[in-house]
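Lead sentences come before grouped points.

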Amino acid sequence: MTTKKVYSVCGMCTVRCPIEVEVKDGSRVSVRGNPHAAGIQGSLCARGGAGPALVSDNERPRTPMIREGARGEGRWRRATWEEALDFVAGRLGEITAAHGGRSVLFSDRGGPFRDLHQAFMRGLGSPNYSNHDASCARNVQHAALSVFGFGRKDVVYDLKNSRHVILQSRNIFESINVKEVNDLTSALGNGCRLTVIDIRSTLTASKAHDFFLIRPGTDYAFNLAVIHTLLYKDLYDGSFAHMWIKDLRELREFIRPYTPEWAEDETGIESQRIVAFVRDLAAAKPSVVWHPGWMTSRYKDSFYVCRTAYLINALLGSVGAKGGLPIANKPGDVGRKGLKKLADLFPKPKDKRADGVGWRYPHFDAGPGLLHLSFKAIESEEPYPIKAYIAYRHDPLMGFPDPDRLKAILQKLNLLVSVTFSWSDTAWFSDVVLPLSPYLERESILATKNGLKPYFFLRNRALEPRFDTLADWEIISGLSKRLNLQPLAFGSIEDIRKFQLEGTGVGIEKFGATGMVALCSEPTYRKREELKFNTPSGKIEVLSEKLESQSIPSLKSYESPSIPADGQFRLTFGRCAVHTQGHTVNNPLLSEEMPENVLWINTEAAGELRIDDGSTVEVASRNHSGRMKAKLTEFIHPEAVFMVHGFGHTLPVESRARGKGVSDSHLMPGGLDVWDPAGGGVAMQEHFVTVRKVT
Ligand SMILES: Nc1nc2c(c(=O)[nH]1)N[C@H]1C(S)=C(S)[C@@H](COP(=O)(O)OP(=O)(O)OC[C@H]3O[C@@H](n4cnc5c(=O)[nH]c(N)nc54)[C@H](O)[C@@H]3O)O[C@H]1N2
Ligand SMILES: Nc1nc2c(c(=O)[nH]1)N[C@H]1C(S)=C(S)[C@@H](COP(=O)(O)OP(=O)(O)OC[C@H]3O[C@@H](n4cnc5c(=O)[nH]c(N)nc54)[C@H](O)[C@@H]3O)O[C@H]1N2
Ligand code: SF4
Ligand SMILES: [Mo]
């Protein structure tokens with residue numbers, strides 16, 4: 001028996017935890033967290049543990065496929081890689097010859113390996129590289145940019161050293177990032193306080209010292225009252241504010257009417273509880289993490305919830321502080337050189353983005369733009385036609401609201417390509433499916449993790465592909481060769497990695513021992529006096545020139561969310577611990593753990609509708625309905641119903657997932673148009689449904 005150890009990166013979700021894979025006899029694998037990685041120390045979540053089942057799953061695309069029937073009909077022709085890559089490159093060549101490079105749209109899942117994709121898009125001459133984030137964390141990203149001048153990942157959540165952690169619409173023990181779970185667990189063991197603000201009681205809430213069951217969509221009111229209490233009861237960190245917060249006077253003026261008593265009516269949370277909570281915060285400052293949120297594409301004012309969360313951190317002096325939100329170090333911050341960028345192989349495209357980001361909307365981050373606005377550009381052909389779309393590890397037909405409408409828009413394309421390791425609604429609707437090897441069967445380009453102690457890391461191939469699938473770089477190189485993008489037509493992963501490491505002083509052999517190369521020896525915090533913000537004033541800004549110049553208020557007056565009409569509920573959603581979005585529901589192990597989603601509904605509200613626990617209900621929006629089981633609980637706000645996202649699959653190729661549960665995205669009619677022009681995210685919790693008992 002031969003045993004080998006391979007350092008790699010989990011691919012069961014986008015957190016991408018470092019892993020150690022043990023391979024016996026070239027085919028039997030077991031996976032655990034990389035024991036050398038701080039905060040991971042061998043652990044994985046259930047989904048990470050189910051990685052080998054993804055490899056053994058026969059119900060995934062096993063060869064390239066070219067569509068024969070109508071889009072979505074499911075008639076396919078199996079193709080060789082030669083044929084499939086020739087086909088895609090040929091079509092891309094025709095389309096770019098007729099409409100220019102800018103007529104190609106590409107979206108992926110962001111993250112540390114995106115350089116390869118951005119390089120490919122630059123090679124094609126298209127500015128329209130995008131990602132999923134308009135349906136995830138754009139509001140919090142734009143909030144960070146507006147107050148700090150840098151992005152949300154330029155600060156670290158120093159959970160491990162925190163004295164009080166506040167999770168507001170952040171279900172940390174079920175919507176998992178393994179390092180965050182471990183760090184918070186260890187902090188709780190050391191006496192850290194945990195406060196959870198949610199519309200329902202989650203596993204995370206069950207571990208909290210303080211739990212606020214808030215009326216859905218009123219978090220902004222809650223945060224305004226917290227700021228009011230900090231300022232008017234003089235509980236904030238005055239010396240930090242003096243040094244680093246601009247426009248404090250304007251904030252104090254604006255916040256005057258938003259008292260805890262006022263917030264009580266909005267949020268349903270007693271004012272004395274808010275005041276007592278703020279006193280607890282003040283006692284723990286500056287080692288406080290008020291999490292600004294992750295999946296924040298929820299409301300039309302989610303952007304302002306995130307902005308106020310950052311401002312509260314600033315008022316507590318936690319920005320930059322140990323145990324708070326210290327600044328993340330990039331290689332340059334610790335005196336090292338970063339990886340050489342593949343994107344720099346080609347010049348930056350001159351065209352404006354089709355989604356308007358960077359010109360029509362100068363206050364948004366142009367990096368990945370806003371995908372729902374690119375979809376609009378496909379529909380309107382304004383500012384110019386988009387004719388090809390490559391969805392790369394992305395399933396917008398599951399992850400954006402109102403898939404029927406999106407399908408109608410995608411019909412305008414001359415080419416729709418999906419690169420994926422599992423079937424998805426988008427893959428099924430595509431013209432070509434390019435099957436990617438699951439992460440255990442492929443290697444990736446080198447990547448960087450910024451943080452208190454930044455490091456480079458790599459994903460190695462643990463197994464040879466079972467089917468006719470390829471690695472990312474093989475697909476991109478294959479296309480680049482055919483499209484005459486010679487600089488990107490690398491012949492081997494070693495060549496790519498050599499290129500990336502040029503000038504860094506690090507050789508590839510340095511990755512051998514642990515799969516990672518640390519760029520400094522100890523976690524590095526900055527002194528309070530040495531913080532730097534990239535805003536025009538160099539300080540944390542309450543008033544943002546960028547927003548104000550677009551007639552967007554920096555401090556928006558509060559508007560109360562509408563109360564559901566009689567017989568209706570606000571549709572809310574989130575994640576569960578054992579599935580990732582829509583793409584693990586058919587996983588042989590995880591589908592057993594949780595085969596379907598259920599509808600959380602308040603016991604009293606259910607009683608009025610004569611719905612019993614476990615009975616089947618029909619959930620309906622204007623033009624869609626679905627059937628699922630009801631879960632009755634007093635621990636959800638009566639205005640809301642809740643379901644786990646990612647269910648309601650219909651594809652005939654997914655026998656384990658098909659027909660199980662309900663898709664939340666289908667219950668959001670017109671949802672592509674419901675978005676926030678201040679924060680950029682689609683607002684997916686601005687939809688209402690009816691629920692009735694099925695007899
Ligand atoms: N209604 C509603 N919509 C939502 C959400 C919700 O809760 N409700 N959640 C939102 C959130 S938080 C997010 S992040 C997005 C997620 O949206 P997506 O990113 O689209 O979701 P995933 O299911 O993670 O991945 C999409 C596809 O990528 C494939 N894939 C996974 N890993 C890889 C890989 O490493 N390489 C390649 N090439 N393919 C891979 C999967 O097989 C899957 O088909 O959806 C958002 N949309
Ligand atoms: N197991 C697992 N872990 C994951 C993922 C996964 O798919 N599965 N996906 C990863 C990704 S892409 C993301 S973005 C993160 C998401 O991480 P989170 O943002 O933490 O995840 P969610 O479960 O979408 O939402 C968190 C909570 O918000 C609550 N909520 C809904 N409406 C309101 C409201 O109006 N006010 C308040 N205060 N709370 C509200 C929900 O009840 C839910 O418990 O998780 C990541 N980790
Ligand atoms: S959080 Fe779980 S699924 Fe996601 S990368 Fe880490 S181990 Fe894998
Ligand atoms: Mo997400």
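In this predicted model, a polar backbone atom of G399 lies 2.6 Å from a nitrogen atom of ligand 1. The protein buries 97% of the 900 Å² that ligand 1 exposes when taken alone. Ligand 2 has 910 Å² of accessible area on its own, and the protein covers 99% of that area. The protein is divided into three parts: domain 1 (65-135 + 346-445 + 463-503), domain 2 (157-326 + 526-549) and domain 3 (568-693).

**Ligand 1**

- Besides the G399 contact at 2.6 Å, a nitrogen atom of ligand 1 is 3.4 Å from a polar backbone atom of V419.
- The side chain of S665 also takes part, with an N or O atom 3.2 Å from a nitrogen atom of ligand 1.
- Ligand 1 is surrounded by 26 residues, and the closest of them are R109, R393, G399, S422 and D664.
- By class, the shell around ligand 1 consists of 12 polar, eight nonpolar and six charged residues.
- Ligand 1 lies between domain 1 (65-135 + 346-445 + 463-503) and domain 3 (568-693), because both domains give residues to its shell.

**Ligand 2**

- The backbone contributes through C576, where a polar atom is 2.8 Å from a nitrogen atom of ligand 2.
- There are 31 residues around ligand 2, with I176, D219, R298, Y299 and H579 the closest.
- The shell of ligand 2 divides into 12 nonpolar, 10 polar and nine charged residues.
- Domain 2 (157-326 + 526-549) and domain 3 (568-693) each supply at least three residues to the shell around ligand 2.

**Cavities**

- Six cavities of 30 Å³ or more are present in the structure.
- The largest cavity holds about 130 Å³ of space, and its lining comprises 15 residues.
- The lining of the largest cavity is made up of seven polar, four nonpolar and four charged residues.
- At least three lining residues of the largest cavity come from each of domain 1 (65-135 + 346-445 + 463-503) and domain 3 (568-693).
- The second largest cavity contains about 90 Å³ of space.
- Among the residues lining the second largest cavity are C10, C13, C17 and C45, together with R47, N177 and I176; I176 is also one of the residues closest to ligand 2.
- Nine nonpolar residues, two polar residues and one charged residue form the lining of the second largest cavity.

**Domain arrangement**

- The centres of domain 1 and domain 2, taken over C-alpha atoms, are 37 Å apart.
- Contact between domain 1 and domain 2 involves five residues of domain 1 and four residues of domain 2.
- Domain 3 gives residues to the shell around ligand 1 and to the shell around ligand 2.

Methods: Residues are numbered from 1 along each chain as its sequence is written. Chains are lettered from A and ligands numbered from 1 in the order in which they are written. This is a predicted model: local features need pLDDT of at least 70, side-chain atom pairs count only at pLDDT 80 or more; totals for chains, interfaces and linings use all residues. Side-chain values use heavy atoms; hydrogens and water are left out. A residue is near a molecule or strand if one of its heavy atoms lies within 4 Å of it. A polar contact is a pair of N or O atoms within 3.5 Å; within protein, one must be able to donate a hydrogen and the other to accept it, and residues adjacent in sequence count only if both atoms are side-chain atoms. Accessible areas come from the Shrake-Rupley method with a 1.4 Å probe; for residues, only the protein chains shown count as cover. Ala, Val, Leu, Ile, Met, Phe, Trp, Tyr, Cys and Pro count as nonpolar, Asp, Glu, Lys and Arg as charged, and the others, Gly among them, as polar. Domain bounds come from an automatic or database domain assignment. On a 1 Å grid over the protein atoms alone, a cavity is a set of points where a 1.4 Å probe fits but cannot get out, and a pocket is an open set with protein on both sides within 12 Å along at least five of seven lines; lining residues have an atom within 4 Å of a point. Grid points are joined across faces, edges and corners, and a volume is the space filled by probe spheres set on the points. Contact means heavy atoms within 4.5 Å.
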